[in-house]
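Me: I am new to this structure and would like to go through it by question and answer. Could you show it to me before we start?

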Amino acid sequence: MTAVTPGTRARSGRWAAPPRPPWEEKPSRAGLAGKGLTLALAALAILFPLWIVVVTSLQSKRTIDAAGGLVVVPRGFTLIAYEELLTGGQVQRAALVSVGVTLTGTLFSMAVSVLCAYGLSRTGSLGHRWFLMLLLATMFFGAGLIPTYLLVQALGLTDSYLALILPSAVSVFNILVLRAFFMGISPELIDSARIDGAGDWRILWRIVLPLSRAVLAVISLFYAVGYWSAWFNASIYLTDQDMMPLQNVMIQLVQKQERPVGLATQINTGQLSPLAVQMAVMVMALLPVAVLSPFVQRHFKKGMLTGAVKG
Amino acid sequence: MTPNSAPSAPSRRSFLASTAVAAAAVAGGTPLLTACGGGQDGNKDGTTSGKDAQKILPAFVASSVVTPDLPSKNGSAAGFTRAIDLKALKTSVPKKLGGGSDLKIMSPFWGSPPAGDNAYYTAMNEAIGVKATWQNQDGNTYDEKLGAILASSDIPDVVVVPGWNLNGKIPSAINAKFADLGPYLSGDKVKAYPNLAAVPTDAWQRSIFGGRLRAIPMPASYVTNIAPFYRKDVFAKKGYTLPKSPDEFLAWAKEATDAKAKVWACDDLKWTAFNIYGVLNGSDKALWWDLRDGKLVNRIETDEYLEALEWTRKLYAAGVVHPDAKAVKGDASNRFTAGQSLVFNGDLSYWYGSTAEQRTQKTDFEMGAFDIFGPDGGDPTLWATQPAGIFTFVSKTASERQIKDFLALADFCAAPYGTKEYMLTVYGVEGTDYTVKNGLPTKTTKGTNEVNGAYDYTGDPAAYLAHPDLPEIARLQVEWQQRMGAFTKKSSFYGLTITEPNRWTNLANDFEQLEDDVVRGRKKIADVQQAVADWKSKGGDDLRAWYKKLLDDNGSAAK
Amino acid sequence: MSHSTVPRSRAGARAGRKAPDGSPPEGAGGRRAAGSTGRGAGRPALRLRFRRDRALILMTLPAIALLLVFTYIPVLGNVVAFQDYDPYLSDNGFVAMFESPWVGLENFRRIFEDSAFWHAVQNTFVLFLLQLVLYFPVPVALALLINSVVRPRVRAVAQAVMYLPHFFSWVLVVTVFQQIFGGAGIIAQTLRRHGHQGIDLMTDPGIFKFLVTAEGVWKDAGWGIIVFLAALSAVPPDLYEAAAMDGAGRWRRMWHITLPALRPVIALLLVLRVGDALTVGFEQLLLQRDSVGPGAAEVLDTYVWWNGIRNQDFGYAAAAGLIKGVVGLGLVLTANKVAHLMGEQGVYEK
């Protein structure tokens with residue numbers, strides 16, 4: 001993390017507070033309190049809704065009925081909603097689909113984007129400006145839904161998982177971030193490799209990629225989140241309900257207030273509230289990204305800096 | 001309504017049937033309107049009725065397999081309140097008719113469809129003699145999907161289309177993409193499929209699209225399907241008496257609302273308000289019109305329409321409507337069963353669905369539907385809905401064998417209550433999908449998951465209601481329909497499937513939104529009047545003339 | 001061959017390297033100079049350049065191909081904007097494009113005559129401006145706050161927590177907001193229990209745009225915070241030290257060092273945001289359209305969706321989409337120009 005702000009701050013243990021620079025004023029007590037309060041409030045504004053969702057997913061029907069909706073103060077604890085969701089049926093199937101599409105899609109997108117970003121990272125190479133313009137233009141206009149649908153259909157991609165990956169595989173923004181990072185890699189390294197006879201493929205694989213772990217992690221996360229939370233393409237390109245990813249099933253359960261029919265018996269026998277099921281699906285949809293992001297977080301600064309700052 | 005599927009699913013579909021605004025109905029009537037002879041397939045507008053329809057319609061041969069103990073009266077469904085004697089099931093399809101073709105069926109689905117290869121589907125295929133595979137689509141967004149799929153060159157062999165999805169250019173797509181079933185069903189030909197021959201002629205009439213018999217209809221009672229339900233148990237406990245007029249209702253609602261305790265008197269009651277004030281039926285654009293003193297009048301031009309909106313607005317303004325209903329979030333029946341609202345309106349099938357669901361946990365739960373009252377507390381004037389609202393089509397690229405096999409499937413699914421075919425279609429395989437307890441068939445978990453509505457629309461007998469586990473509910477439902485049926489009139493275009501010319505199909509699409517804005521206090525009644533004036537000048541009056549000509553040329557189908 | 005590549009790539013790379021080295025982000029502007037240096041050098045023959053760069057071109061192609069197929073070709077489908085397009089005229093919707101009648105600018109005329117369209121335009125812009133004004137201060141302020149916290153643990157936790165809602169889907173955000181701020185929500189019920197009037201923030205068209213903005217801030221402030229924190233960490237500490245030596249207090253340092261350091265990032269995000277101006281929260285608004293009515297919630301994207309999907313008026317919807325695209329592009333170009341005038345780099349080079 002601190003690699004970007006070299007110098008002054010000595011690192012003594014990962015979590016220890018670095019010494020305050022001597023020129024900085026001591027913060028006033030009121031200032032500290034204000035800061036703490038603001039941060040706490042901001043965190044609360046975010047954690048409170050999250051808390052309600054998680055807690056509700058863990059409550060019995062009786063508690064939820066008594067609360068008349070989402071539960072703030074938990075009474076008891078039951079995993080019945082999760083058990084139901086994970087023992088076969090539509091949700092489990094959908095979760096597997098989502099994992100599969102996310103992994104494949106992210107790999108594919110990363111491969112295409114990294115190649116493209118490196119290919120464009122050499123200013124002055126042939127066609128460089130044209131390609132770049134071609135990329136940039138897409139950021140500002142798009143095609144309508146119907147032509148896109150007809151195209152995907154004509155390519156025979158409807159009812160195929162490719163329809164969830166190919167049309168959204170390339171994010172120009174992500175390519176630009178990667179490109180900016182690649183351009184920042186020490187040219188001496190690359191030059192010396194070139195003098196040793198390495199071609200561009202070798203340079204990319206052996207030098208550029210190992211040095212770009214931070215940005216690769218960040219962009220992978222971006223792509224993964226994109227694939228994981230996408231639902232629109234599935235809703236129009238897939239006709240087979242068995243193929244629907246988790247987000248679509250969640251929308252069906254939550255937004256349309258449908259009950260998962262596979263759970264009808266449990267719900268009907270009064271042990272399980274439909275609301276708990278809905279919340280449990282949401283937690284499931286949220287879990288992978290929530291677990292993953294702290295690991296990628298430490299790369300954020302480095303990855304985002306070059307990317308976002310320099311576009 | 002097929003009454004025995006999962007609780008919330010069937011109700012929603014039919015509720016939608018009545019609430020969604022069907023932009024256009026369809027049918028060719030080429031000979032009648034343009035006299036360009038031959039009546040080729042294509043996106044012709046108009047309708048077909050009278051003599052021309054007679055040539056196409058299938059013959060009617062009543063089914064005598066099982067007699068209902070509550071026969072249809074005043075347009076009601078027939079009621080079966082006795083449990084089926086499972087040992088004495090009749091047979092309505094003596095010979096397997098299917099020839100083993102593959103049929104890919106696309107259908108809307110409310111809820112979670114089962115996996116494709118399950119015991120129920122296999123047993124159905126086996127019994128019918130086909131290899132049907134299902135493409136079940138989310139019913140709530142079916143129109144989005146339908147439009148795109150019909151635009152492609154690869155449409156499924158069989159496609160189910162709810163009447164309320166006949167928007168925009170879909171009617172022209174239907175005429176262009178689906179086969180004429182006339183050669184297989186018209187006149188006496190239908191007798192090869194006895195269960196289809198027992199489908200009422202009213203329903204078949206609705207299946208004439210583009211001058212051709214293109215669909216298998218799902219018959220329905222023409223009595224309004226929107227019932228105002230109330231919590232009978234709560235009313236008894238609190239000592240409330242049923243309101244008998246709009247004013248009484250408002251007064252009661254103010255008294256019954258206790259927001260602090262999270263109880264509101266009612267949910268959104270716009271559709272009931274339309275019934276109370278005698279507004280022309282809104283479920284199909286053709287029903288919006290009625291001939292009055294020699295002039296066609298549209299529902300949006302009537303005083304009743306404005307009065308109904310005004311009364312609903314008062315309910316909202318008084319704060320007696322559940323706030324989530326105001327936000328159009330969540331599910332009205334859930335709020336009702338949870339006790340957060342005491343009155344809600346929904347499809348008649350909620351009566352059974354919600355009761356069955358609640359009986360498993362709270363034995364004291366009881367709901368009822370109150371009789372719709374008139375604007376002054378007297379008898380109401382109700383308008384008939386269409387006698388069929390969901391249609392199943394066959395692709396025109398299907399082979400003759402496939403069409404015949406589809407008809408075999410439809411005939412099987414149209415088997416009446418009390419037959420072996422009915423039991424398989426509605427309950428699945430005995431021992432796997434249902435077991436028999438105390439002489440009553442009860443679905444197993446597997447049955448609940450698998451037998452949940454796939455075959456609901458691909459062939460149905462005349463409208464009926466039957467709940468062997470709660471026979472009393474079937475009786476109450478039928479009796480409610482019969483009482484309301486006595487007040488029900490048929491408007492000028494009742495029973496006809498009409499294709500409006502493309503340029504006018506979207507003309508009135510914004511009114512439903514406007515209604516919702518007005519009742520929630522976001523717009524004024526004056527805005528509706530302005531919108532009606534705009535509607536007239538932008539084509540409403542031309543549309544009126546077009547409908548008038550249709551009426552003069554064809555006559556009304558209403559008796 | 002490579003002799004001509006080396007100096008050029010070095011020039012480009014060196015400029016790009018400045019920021020990670022720790023110089024202020026304004027240094028990024030150096031890339032422009034590098035670009036012109038590259039152009040200034042004499043060009044080798046095309047064939048030579050191709051042989052030299054073919055690996056690079058090959059690498060670029062998959063992404064370009066995907067964009068051509070899935071973005072550029074569908075754009076051609078926009079010709080239906082000038083038709084009374086009926087996809088069912090033929091067995092295939094594509095072929096139907098050649099058979100549908102041409103209507104010239106009829107669709108555009110109808111759009112411009114539709115008051116609902118102008119309503120949508122107005123809502124789009126109001127919402128966009130509101131988000132512009134209200135969206136940026138929150139993450140900037142929170143980033144400054146977090147940046148001033150010395151303990152890494154607190155910083156890391158704060159960052160992780162604030163970033164979480166970015167992963168919520170809109171369905172979830174709207175559901176949770178309804179359960180908290182709705183008329184039967186937690187706040188309303190708490191108020192009622194204490195003898196006050198309940199509130200319903202979810203169905204009031206008057207405050208709807210603020211609600212939408214608040215939802216947006218809640219969901220995406222974390223993302224902004226991370227970007228701004230990254231930019232802040234690039235400010236060399238010796239600048240602060242020097243300023244402190246000169247007697248500049250905490251606030252002066254923030255005003256004269258920190259905020260200017262954030263300027264390019266803010267400018268960049270602004271320009272990007274402007275590009276999205278006409279696509280403000282399609283999903284978010286569609287989900288809440290019924291709660292407040294189209295009068296308050298209809299934006300251009302939902303308008304297009306409504307007409308294209310619900311009313312099946314494809315030519316009309318395509319025309320509206322085209323208008324949106326053209327206006328959007330114009331806005332971005334303008335914003336970028338403004339950014340350049342203000343001395344920032346914007347999204348792309350001049």
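Reply: A residue is called buried if 20 or more other C-beta atoms, placed from the backbone, lie within 10 Å of its own, exposed if 12 or fewer do, and partly exposed in between. This is a predicted model, in which local features need pLDDT of at least 70 and side-chain atom pairs count only at pLDDT 80 or more, while totals for chains, interfaces and linings use all residues. Residues are numbered from 1 along each chain as its sequence is written, and chains are lettered from A and ligands numbered from 1 in the order in which they are written.

Me: Is B:V328 buried, exposed or partly exposed?
Reply: B:V328 sits in the loop between α14 (323-326) and α15 (332-337) of chain B, where helices (H or I, at least four residues) and strands (E, at least two) are DSSP runs numbered from the N terminus. B:V328 has a positive phi of about 50° although it is not a glycine. Because 17 other C-beta atoms lie within 10 Å, B:V328 is partly exposed.

Me: Why does B:D293 count as exposed?
Reply: B:D293 belongs to the loop between β10 (289-292) and β11 (295-298) of chain B, and B:D293, which is not a glycine, has a positive phi of about 50°. Because B:D293 has 5 C-beta neighbours inside 10 Å, it counts as exposed.

Me: Which are the edge strands of the open sheet of five strands in chain B?
Reply: The order of this sheet of chain B is β3-β2-β4-β15-β7, with mixed pairing, two strands being paired if DSSP finds at least two bridges between them. The strands that pair on one side only, and are therefore the edges by the definition of pairing, are β3 (131-138) and β7 (215-219) of chain B.

Me: What is the bridge partner of B:P219 in β15(B)?
Reply: Strands β7(B) and β15 (residues 388-394) of chain B run antiparallel and are joined by five bridges. In β15(B), B:P219 has as its bridge partner B:A388.

Me: Why do the buried residues of α14(C) line one face of the helix?
Reply: In α14(C), the buried residues are C:Q284, C:L285, C:L287, C:Q288, C:S291 and C:V292. An α-helix has 3.6 residues a turn, so residues three or four places apart point the same way. Taking the directions from the helix axis to the C-beta atoms, the buried residues of α14(C) line one face because, seen down the axis, they fall within an arc of 160°.

Me: Which helices do the buried residues of α14(C) pack against?
Reply: Two residues are in contact if their C-beta atoms, placed from the backbone, lie within 7 Å. The buried residues of α14(C) pack against helices of chain C, namely α9 (170-181), α11 (208-233), α15 and α16.

Me: Which helix gives the most to the side of chain C that touches chain B?
Reply: The contact takes 28 residues from chain C and 31 residues from chain B. On the side of chain C, α10 (186-193), α14 (282-292), α15 (294-297) and α16 (300-310) each supply at least two residues. The helix that gives the most, with three residues, is α10(C).

Me: How many helices are there in chain C?
Reply: Of the 350 residues in chain C, 47% are buried. Chain C has zero strands, and its helices number 17.
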